[in-house]
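Me: I have a model open and want to go through parts of it with you. Could you start with a single residue and work outwards?

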Amino acid sequence: MPPVPVITLAVDRQPGPEVACDVAGCTRAAVVTWQVTRTGILFGDRWVAGEDMDLCREHDQRAAVVTGAEDYVDG
């Protein structure tokens, strides 16, 4: 089983209102930006350390649970 990436909430960068979620096939607006700090597989995509991932609210909460990250957008 491939490793799950380690992600950190990027508080210095928030996606604009026109930015879509980076998860393949998702067309919802992104609400948060995560910084990938360890390469791994999440939502069927390979995320490389150093990349930013813009996620919608649903994928943000799912990413926090799967990766064990403690920060996510609530509300």
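Reply: Leucine 9 has a relative accessible area of 23% and is therefore partly exposed, a class that lies between buried (under 20%) and exposed (over 50%), computed with a 1.4 Å probe on protein chains only. This is a predicted model, in which local features need pLDDT of at least 70 and side-chain atom pairs count only at pLDDT 80 or more, while totals for chains, interfaces and linings use all residues. Residues are numbered from 1 along each chain as its sequence is written, and side-chain values use heavy atoms, with hydrogens and water left out.

Me: Which strand is leucine 9 found in?

Reply: Leucine 9 belongs to β1, where strands (E, at least two residues) and helices (H or I, at least four) are DSSP runs numbered from the N terminus.

Me: And what order do the strands of the open sheet have?

Reply: The order is β1-β2-β5 with antiparallel pairing, and two strands pair if DSSP finds at least two bridges between them. Because β1 (6–9) and β5 (52–55) each have a single partner strand, they stand at the edges, and one side of each is left without a neighbour in the sheet.

Me: How many bridges join β1 to β2?

Reply: Four bridges join β1 to β2, which covers residues 32–38, and threonine 8 has glutamine 35 in β2 as its bridge partner.

Me: Changing topic, is glycine 68 buried or exposed?

Reply: Glycine 68 counts as exposed, at 53% relative accessibility, and its place is in the segment after α1 (57–67). Glycine 68 and valine 4 are 64 residues apart in sequence, with 9.7 Å between their C-alpha atoms.
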